[in-house]
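Student: I have a structure open and want to learn how to read it. Can you take me through it step by step?

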Amino acid sequence: MAQMPALIPKEVEIQRLKKIFLMVIALGSIAASVEVDNFVDGSLHQTSIRDSAFTPAHWWLYSHFIALPLGWGAIAIYDRKVPILRGPNNSMNTGLKITILGYLATMFTIGINEMWHFWFVEEIFSVPNHWMFNMGVVVAFMGALAYVVRVYARLVELGAETPGENPYIAEMYKMALEGKLYSRSIP
Amino acid sequence: MTLPKGFGSGGTGGASSADVERMIGRRVENMVGIITISYWAALMATAAGTAAGYFYYPWAYPTASGHFAFIVLAIIESIGFIFCVKISEEGSNKKSNGIVAGSIGAAIVFVLFVSIFVGW
């Protein structure tokens, strides 16, 4: 991968990429916190099956399904200031697109889920109304990973991130930047 | 290099350092204050959230369970806080190790206080 020509001054690009990185860390912390809510929600449903949409475990779960798409939307707005992160035909970055699509699916599923539970007051993990929650989150995580790796790779390209001190790792970084990593490791 | 509208000197030259500073706005290395405030806001919101669980729904969320969630979440938030400060200051001359150590230390005391004395 040859270093792409800069469309904005390097210092500006590094600062903007780092601001994106800080936003991603904040959203990642929220996503990690909802992993705790999986257990909180599970403990609720083992005790009370399902009483209403408005229990602490559900406030937490549902508000994160709103907060994360909004956060990634904010990143998508800010992302336009970094030309290197543009997607095909000057559209939104592909990883970002996939992330937002995944979280939109989970937002949509909140409504589906409430409709289901209006008739079926149970809380079985594998019922169809829960499928798209899980699939949406997995799709969003895959897109987020693609995006954050791209941001990090660009920071390495610009020299803002120091490759590992281990000489073997440093050599791998160097080969990756030159586009030779795969040709060397996969004969 | 093509600069956005309003920057540069009308096609006669590149970006000046004043242009670059205007395009950057607030630098990430100067954001430690807002990052620290956000960390404490998140920690307080977490304490309130878990307290809502064991005060409002004590039959569904035992206090020990709420405290466990609070401790794990405080750790997650602290790791995010450290990452944010380290990333924002890397490559600059600024060092906020005192603020980070003080905040994490105070957070440990706060989490221990809540876990030992609140809700039992």
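Tutor: The buried residues of α2(B) pack against α1 (10-48) and α2 (56-79) of chain A, along with α3 and α4 (97-117) of chain B. Helices here are DSSP runs of H or I with at least four residues, numbered from the N terminus. This is a predicted model: local features need pLDDT of at least 70, side-chain atom pairs count only at pLDDT 80 or more, and totals for chains, interfaces and linings use all residues. Residues are numbered from 1 along each chain as its sequence is written, while chains are lettered from A and ligands numbered from 1 in the order in which they are written.

Student: Which residues of α2(B) are buried?

Tutor: Buried means 20 or more other C-beta atoms within 10 Å of the residue's own, with C-beta atoms placed from the backbone. In α2(B), they include B:Ile35, B:Tyr39, B:Ala42 and B:Leu43. Further along come B:Thr46, B:Gly49, B:Thr50, B:Gly53 and B:Tyr54.

Student: Why do residues three or four places apart point the same way?

Tutor: An α-helix has 3.6 residues a turn, so such residues point the same way.

Student: How many residues does each chain bring to the contact?

Tutor: Contact means C-beta atoms, placed from the backbone, within 7 Å. Chain B brings 27 residues and chain A brings 25. On the side of chain B that touches chain A, α3(B) gives the most, with 11 residues.

Student: Which residues have the most contacts inside the largest nonpolar core?

Tutor: A nonpolar core joins buried Ala, Val, Leu, Ile, Met, Phe, Trp, Tyr and Cys residues through C-beta atoms within 7 Å. The largest has 42 residues, and A:Phe21, A:Leu22, A:Trp72, A:Val151 and B:Cys84 have the most contacts inside it. Leaving aside neighbours within four places in sequence, A:Val151 is in contact with A:Leu17, A:Ile20 and A:Phe21.

How values were computed. Two residues are in contact if their C-beta atoms, placed from the backbone, lie within 7 Å. Helices (H or I, at least four residues) and strands (E, at least two) are DSSP runs, numbered from the N terminus. A residue is buried if 20 or more other C-beta atoms lie within 10 Å of its own, exposed if 12 or fewer, and partly exposed in between; C-beta atoms are placed from the backbone.
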